[in-house]
Amino acid sequence: MHPFASYVLRSYYKATGWNEDNLYANLTRSSNAILDFTVPRGLHFSVSKSPNALFKTTYSMTAMPSLNGSVGYIFTSCPLDVKSSGNVRFKDMIERFKVYDQPRRPEPKDEEWLAGERVHNRDYLLYGRFYLPTGRLDAMYSTRISPTMQALVAAISDPASSVSPEMRARRPDPSNIMLNLQHDVGKWCTEYTWSAEDSMWGVRVLHNFGRLGIPSEATEEASARRRGIKRVDEEDAIAGGLKGRISIGAEMYFSAKEKSAGVSTGIRFTTLPDATPPSFQVPDSSSDSPATPTPARIPSQPPTTITALFNPMLGHMSSAYTARVSRDLSLSTRFDFNVYSFESEWTMGAEWWLRKPLVSPNANDSEDNADAVAISQEPPSLQSSEVRGVVKARASTSNDLALMWEGRLRNMLVSLGIVSDLSSRTKPIKALGLEVAFFSSE
């Protein structure tokens, strides 16, 4: 599950209108959610609190295999609607497979005026975490320079006394600071990175083919101008295959300290229509009210994501195919191959959502069952029930087998997982862990 700090960061991006999915680093995010999920190791507890809409605190403790902990603080310039662990949308706390919406150009904030003068308020997020007993300190600062540009500064301060001798021999100074500048205009998204540890400079770029998405908070005038366009799910079908959009990206980096460089490129295909609004809710041209969205339609093709990566310097190739075969089941497979050593690995995984059964209302039920009555009158394909957990599994030709369950117990979020090595008779279980998280906004 997402740590509380990651959940707050995603809420901050959502509140400020920044699309973190339109990054080259997240090109394989859909398949990684199924094939590279992280199994908790040992016994881990975390408690977080939101005293107000701007300030958050988080505390964590690992009891096994060693005892350690951390204290973290988060402050944002804009109020965030952070839920409690008992009522937060479960899928918002899980890294899961999804077909991300069309990329769109970030919109500027509404103008604010004070005493007849325009006030320029720049959104920002401050995060810090202190680890015990090592004394390591992590910090991050994120700010919006312009509607289409965002800057991040991340720093790590790690005392040399807490680093193992082997690590100290490879890295005399474990502390580091990294600068990242992101420029997103919808069609293009570019990242510029600099790391002080090895004086590394990097550039990442991602280009999306096709038209841009519709802003999530469009005005009535903009909605009226869009009334004449086709909906995404009304585009002309491509005979003999899936229809969708393509994104192509690449990265280049150079380390002045190590005198080394690297390059990689990737491509992603995702099906249309998108699985998230507003693609399903473009105003209908036949509607009398331009602001009235049309109801969601059932996709005529399964939500699918296909990705391919290639690193010419290392000779590494990777291709992944992920699809949602039913409402609650998603399958993914990936093939990795190295053209220099001819080494290969095949990984497959599954994601199965667990739901509470629908309650059939009786005639004597109160008005509280009005929502259940409305659901029961819908077609079976459109009925939905509350998600109570998810089971993830993966297996690979390297003899690794991982299984994890994530769910909600009362007001706590729980993750339980195991990783085994089928080829080892002396140590068949590589990792076993339980993670419990509780956070409150009251």
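## Reading the labels in a predicted model

In this predicted model, the structure holds 11 aromatic pairs.

Q: What makes Tyr7 and Phe439 an aromatic pair, and why is the pair called tilted?
A: The ring centres of Tyr7 and Phe439 are 5.8 Å apart, and a pair requires centres within 6.5 Å.

Q: Why can the pair of Tyr7 and Phe439 be said to tie together parts of the chain?
A: Tyr7 belongs to helix H1 (residues 4-16), whereas Phe439 belongs to strand S21 (residues 429-440), so the pair links parts that are 432 residues apart in sequence.

Q: How do you know whether Tyr7 and Phe439 are buried or exposed?
A: The relative accessible area of Tyr7 is 6% and that of Phe439 is 3%; buried means under 20%, so Tyr7 is buried, and so is Phe439. Beyond its neighbours within four places in sequence, Tyr7 has contacts that include Asp81, Val82, Lys83 and Phe439.

Q: Which residues of the largest nonpolar core touch the most other members, and which elements contribute to this core?
A: This core has 27 residues, of which Tyr7, Tyr12, Phe90, Leu125 and Phe439 touch the most other members. Two or more residues each come from H1, strand S6 (124-132), strand S18 (387-396) and S21, and the largest share, 7 residues, is that of H1. A second, separate core of 6 residues has Phe37, Val39, Met404 and Ala431 among its members.

Q: What makes the charged end of Lys91 count as sitting over the ring of Trp353?
A: The charged end of Lys91 is 4.8 Å from the centre of the Trp353 ring, and the distance limit is 6 Å, with a further condition of lying within 35 degrees of the ring normal. The charged end of Arg394 likewise sits over the ring of Phe37, at 4.5 Å from its centre.

Q: Why is Leu54 called partly exposed?
A: Its relative accessibility is 29%, and partly exposed covers what falls between the buried limit of 20% and the exposed limit of 50%, so Leu54 takes that label. Leu54 is in the loop between strand S1 (42-49) and strand S2 (55-64), and its C-alpha lies 6.7 Å from that of Leu80, although the two are 26 residues apart in sequence. Leaving aside neighbours within four places, the contacts of Leu54 are Ile74, Phe75, Thr76, Ser77, Cys78 and Pro79.

Q: Why is Asn311 called buried, and what does its side chain approach?
A: Asn311, in strand S14 (residues 304-311), has a relative accessible area of 12%, and because this is under 20%, Asn311 is buried. A polar atom of its side chain lies 3.2 Å from the backbone nitrogen of Leu314, inside the 3.5 Å limit for a polar contact.

Q: Where is the confidence lowest, and where is it highest?
A: Confidence is lowest in helix H5 (residues 370-376), with a mean of 41, and highest in strand S16 (residues 329-338), at 96; over the chain the pLDDT averages 81, and 75% of the residues score at least 70. Residues 217-238 have a pLDDT below 50, although this stretch has 32 contacts in the model beyond near neighbours in sequence. Where pLDDT is low, the predicted coordinates should not be read in detail.

Definitions and conventions: Residues are numbered from 1 along each chain as its sequence is written. This is a predicted model: local features need pLDDT of at least 70, side-chain atom pairs count only at pLDDT 80 or more; totals for chains, interfaces and linings use all residues. Side-chain values use heavy atoms; hydrogens and water are left out. Helices (H or I, at least four residues) and strands (E, at least two) are DSSP runs, numbered from the N terminus. Buried means under 20% relative accessible area, exposed over 50%, partly exposed in between (1.4 Å probe, protein chains only). Contact means heavy atoms within 4.5 Å. pLDDT is the predictor's confidence in each residue, from 0 to 100. A polar contact is a pair of N or O atoms within 3.5 Å; within protein, one must be able to donate a hydrogen and the other to accept it, and residues adjacent in sequence count only if both atoms are side-chain atoms. Rings of Phe, Tyr and Trp (its six-membered ring) pair if their centres lie within 6.5 Å; planes under 30 degrees apart count as stacked, over 60 as edge-to-face and the rest as tilted. A nonpolar core is a set of buried Ala, Val, Leu, Ile, Met, Phe, Trp, Tyr and Cys residues joined through side-chain atoms within 4.5 Å.
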